[in-house]
Amino acid sequence: MKQYRCIELLGLEGSNPLGFLAALGTLVTLHEAGYTDTKLAWSHDGFHIPVLHTTHGRDRAELTRILAGALCGKPVPPDADAKARVAEEEMDKARTAIKKKRNDLRRRGLRGAARQEAIERELRPLERIYRDKRRAWLDLLQNSVPRPELALGRTIDCTSDEYRSCAAALLESTTQSSRSSLDLLAAFGTDACRRKDSDRIQPTPFCFVTGSGHQFFLETVRQLLSHVTEERIDRVLFERWDYGDEGLSMRWDPSEDRRYALMDRDPSDRRNRVRTMWMANLLAYRALSLFPTAPWGSRVAATGWDPQHRAFSWPLWGHPAGADTVRSVLQIQEVTQEHPDAGAVRARGIFGVYRAQRIEIGNPPNLKVNFSPGRRVV
């Protein structure tokens, strides 16, 4: 009979969406590393602390060593990274040329057939060049990223063709025991749901990093992977968060809501920049493999979210559960209902449900997205 050891992750708190996701990411990462008998539960009293039940990781030092090894991804050859960066620069130049040409056509004030002729003659060739440059960059990314799903680009809102190409490549290398990148791709979105007037897919509502401040979702993940250390993981899982890291945030911590009206100083002041915990964000990213998306009419639906993507709801359970069980618990429909049936939820082993609103401030390309503080609804 297996002897389980309980390890309290004292740095994480279940009422914080980032803390909740980081706990799930810890469980997922351990399963992906081969420790498939690891289970997760939550304490009932006071703060909702995640508790790992495992036959491995006899102490926090061994646990952080295992997680660090599993999180960092594969080494990237320097020459591959350099080639990808050159291709990216070429792609950006092609995109800038399109923007300049559109502005030029607008200034010339052309109308009707004359405008359409100028578009076909002057703009369309630039768009073809951009598509070719982007394809070349994406091809080079295959060998220059530490995790396969990051070859999708800097952001999630790729074209449907690009999504299918990435999915096909992942399917060829995926096995039942090694499918984390494919599961993450399924969490990013689906090629069946596209943006209005665009061939780009609708991204998961978890995509809070949308390009504002030159921060991009997948690029942020890639940079976080380069900062993995045992010390940083230990600091996130077992210590009170000191918010000692600057930038590289997925914006899932409600404390990062930097609206001027909520602060006593200018949020753009260098002395008041967003501080975060890098490894909490990276672990939370890995948890997305438990939150797949699917078509819902013409919109993308995501596990844990209401149909309009206004709020994220998550359950807390008291009995130890493995990753597959957790995946099923997250799919329980009552959790995301506007007024969850407390009796029905508790009958399934869930002692609490929390909810955070998705807050959008500003307009693209300067859109800021954050979570509100978690509120208990059951």
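Gln202 is found in strand 5 (residues 201-203), where strands are DSSP runs of E of at least two residues and helices are runs of H or I of at least four, numbered from the N terminus. The model is predicted, so that local features require pLDDT of at least 70 and side-chain atom pairs pLDDT 80 or more, whereas totals for chains, interfaces and linings use all residues. Residues are numbered from 1 along each chain as its sequence is written, and side-chain values use heavy atoms, with hydrogens and water left out.

With a relative accessibility of 14%, Gln202 counts as buried (buried, under 20% relative accessible area; exposed, over 50%; partly exposed, in between; 1.4 Å probe, protein chains only). A polar atom of the Gln202 side chain lies 3.2 Å from the backbone nitrogen of Val300. Apart from residues up to four places away in sequence, Gln202 touches Phe188, Gly189, Cys193, Arg194, Arg195, Ser298, Arg299 and Val300, contact being defined by heavy atoms within 4.5 Å.

Two residues other than glycine adopt positive phi values. Leu248, in the loop between strand 6 (245-246) and strand 7 (275-276), has a phi of about 50°. The relative accessible area of Leu248 is 10%, and this residue is therefore buried. His309 is placed in the loop between strand 9 (299-302) and strand 10 (311-317), and its phi is near 60°. His309 likewise counts as buried, at 12% relative accessibility.

Leu248 is also among the residues touched by Asn281, which lies in helix 9. Asn281 is buried, with a relative accessible area of 0%. The side chain of Asn281 makes a polar contact of 2.9 Å with that of Thr276 (a pair of N or O atoms within 3.5 Å; within protein, one able to donate a hydrogen and the other to accept it, residues adjacent in sequence counting only if both atoms are side-chain atoms). Not counting residues up to four places away in sequence, Asn281 touches Leu18, Leu224, Leu248, Ser249, Met250, Arg251, Trp252 and Thr276.

Helix 9 (residues 278-287) packs with helix 7 (residues 217-225): their axes come within 10 Å and cross at roughly 120°. Axes are lines fitted to C-alpha atoms over the stretch in contact, and angles run from 0 to 180 degrees between N-to-C directions. The two helices are therefore oblique to each other (roughly parallel, under 35 degrees; roughly antiparallel, over 145; roughly perpendicular, 65 to 115; oblique, the rest). On the helix 7 side, Phe217, Leu218, Val221, Leu224 and Leu225 meet Trp278, Met279, Asn281, Leu282 and Tyr285 of helix 9. These contact residues divide into 9 nonpolar, 1 polar and no charged (nonpolar: Ala, Val, Leu, Ile, Met, Phe, Trp, Tyr, Cys and Pro; charged: Asp, Glu, Lys and Arg; polar: the others, Gly among them).

Helix 1 (residues 17-32) and helix 10 (residues 323-330) pack at an angle of about 145°, with their axes 10 Å apart. Phe20, Leu24, Leu27 and His31 of helix 1 form the contact with Ala323, Val326 and Leu330 of helix 10. The residues of this contact comprise 6 nonpolar, 1 polar and no charged.

Cys72 is located in the loop between helix 2 (60-71) and helix 3 (78-108). Its relative accessibility is 30%, so Cys72 counts as partly exposed. Beyond residues up to four places away in sequence, Cys72 touches Pro146, Leu225 and Val228. Between Cys72 and Ile201, the separation is 129 residues in sequence and 28 Å in space, C-alpha to C-alpha.
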